[in-house]
Amino acid sequence: MTNESAALYLVPTPLGHLGDMTQRAIDVLRQVPWVAAEDTRHTAPLLRHYGCSARLLAAHQHNEEAAAQRVVALLAAGESVALVVDAGTPGISDPGARLVARVRAAGQRIVPLPGPCAAIVALSAAGLSEAHFLFYGFLPSKSGQRAEALRELADLPYALVFYEAPHRIVEAVAALLAAFGPQRTLLLARELTKLFESIHACSLGEAQQWLLADANRQRGEFVLIVSGAPAVSASAEGGRVLRLLLDDGLPPSQAARLAHAITGAGRKGLYQEALRSQEAATSTRQS
């Protein structure tokens with residue numbers, strides 16, 4: 001992997017179970033002369049385990065720009081580099097995205113390999129009915145910023161995927177409950193592929209009690225998946241929009257027409273609801 005074949009290989013590494021390393025990933029690590037690693041102390045034993053003799057260089061969140069410059073220079077000199085993080089796929093809530101961007105901007109070849117990703121592993125076990133999901137990653141650590149981020153996600157109909165650290169898991173679940181209410185489903189996937197792996201599904205209203213019932217349930221790295229916001233029927237949404245339009249002073253016929261156009265709710269029913277609302281308002285004023 002030198003000269004004309006030089007490339008940056010994005011190599012996923014096991015979340016925990018060493019058997020999850022693909023043969024292609026092992027082959028790449030055995031052949032490249034350089035491995036850029038999030039933590040060289042963590043990666044060195046992994047390389048030894050698979051019989052890889054590549055030289056290591058550090059590429060973590062605090063030196064990613066400098067590491068990118070070094071990687072680009074190595075690629076320009078015809079030497080391939082494999083990029084790894086401590087667990088999972090580079091650039092997915094882990095260092096790597098900026099380095100990849102710099103390598104692409106330099107016109108060098110990038111070869112991504114498929115492999116372990118905690119979000120995908122957890123989603124496969126969630127059994128949620130949503131056809132789509134939104135991967136958020138780590139929420140802000142400050143409570144105010146976290147609450148604001150969750151408010152922006154509250155009405156989305158997609159399954160929401162978060163990562164969370166053990167020392168923040170209790171407060172993170174409390175924030176999810178405050179933002180989304182007690183009825184939505186929460187999947188807590190902990191220590192995936194490791195000895196003490198656990199996957200537990202419950203309502204958001206039950207999650208806090210489950211976590212606090214056993215301190216061991218708060219240990220390890222978490223993937224949290226929240227079911228999407230329940231669909232709002234056209235009639236319910238039409239009524240909500242109608243009330244807003246009436247509050248703004250629109251006459252019943254115009255408010256009903258606009259609410260129908262916006263939401264698809266039945267125009268006749270909306271008009272009748274608008275008339276009832278108008279009659280109720282008139283009656284209130286007269287009394």
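**Two sheets in a predicted model**

Visitor: Which residue in β7 is the bridge partner of Phe138?

Guide: The bridge partner of Phe138 in β7 is Tyr163. Strands pair here if DSSP finds at least two bridges between them. Strands (E, at least two residues) and helices (H or I, at least four) are DSSP runs, numbered from the N terminus.

Visitor: What kind of model is this?

Guide: This is a predicted model, in which local features need pLDDT of at least 70, side-chain atom pairs count only at pLDDT 80 or more, and totals for chains, interfaces and linings use all residues. Residues are numbered from 1 along each chain as its sequence is written, and side-chain values use heavy atoms, with hydrogens and water left out.

Visitor: Back to β7. In which sense do β6 and β7 pair?

Guide: In the parallel sense, over five bridges, with β6 made of residues 133–138. On β10 (residues 222–226), β7 pairs in the antiparallel sense, also over five bridges. There, Leu160 stands opposite Val226.

Visitor: How many residues of β7 are buried?

Guide: Six of the six residues in β7 (159–164) are buried. Buried means under 20% relative accessible area and exposed means over 50%, with partly exposed in between (1.4 Å probe, protein chains only). Ala159, Val161 and Tyr163 point one way from the strand, while Leu160, Phe162 and Glu164 point the other way.

Visitor: What do β6, α6 and β7 make?

Guide: A right-handed β-α-β unit, with α6 spanning residues 143–153. Right-handed means that, with the strands pointing away from the viewer, the path from the first strand over the helix to the second runs clockwise.

Visitor: Which residues of α6 are buried?

Guide: Arg146, Ala149, Leu150 and Leu153. They cover an arc of only 95° around the axis, which puts them on the same side of α6. The arc is that of the directions from the helix axis to the C-beta atoms. On the other side of α6, Arg151 and Glu152 are exposed.

Visitor: Why do residues three or four places apart point the same way?

Guide: Because an α-helix has 3.6 residues a turn.

Visitor: What do the buried residues of α6 pack against?

Guide: They pack against β6, β7 and α7 (169–180). Contact means heavy atoms within 4.5 Å.

Visitor: How many bridges join β8 to β9?

Guide: Six, and the two strands run antiparallel, with β8 covering residues 185–190. Thr185 stands opposite Ser203 in β9.

Visitor: New topic. What order do the strands have in the sheet with β3 and β5?

Guide: That open sheet has five strands in the order β3-β2-β4-β1-β5, with parallel pairing. Its edge strands, β3 (55–58) and β5, each pair on one side only. Neighbouring strands are turned by 25° against each other on average, direction ignored.

Visitor: Last one: how many helices and strands does the protein have?

Guide: The protein has 11 helices and 10 strands. Its radius of gyration is 26 Å, well over the 19 Å that the globule rule gives for 287 residues, so the protein is more spread out than a compact globule. That radius is taken over C-alpha atoms, and the rule is 2.2 Å times the number of residues to the power 0.38. Along its principal axes the C-alpha trace spans about 90 × 50 × 30 Å.

Terms used: Axes fitted to C-alpha atoms, helices over the stretch in contact; angles between N-to-C directions.
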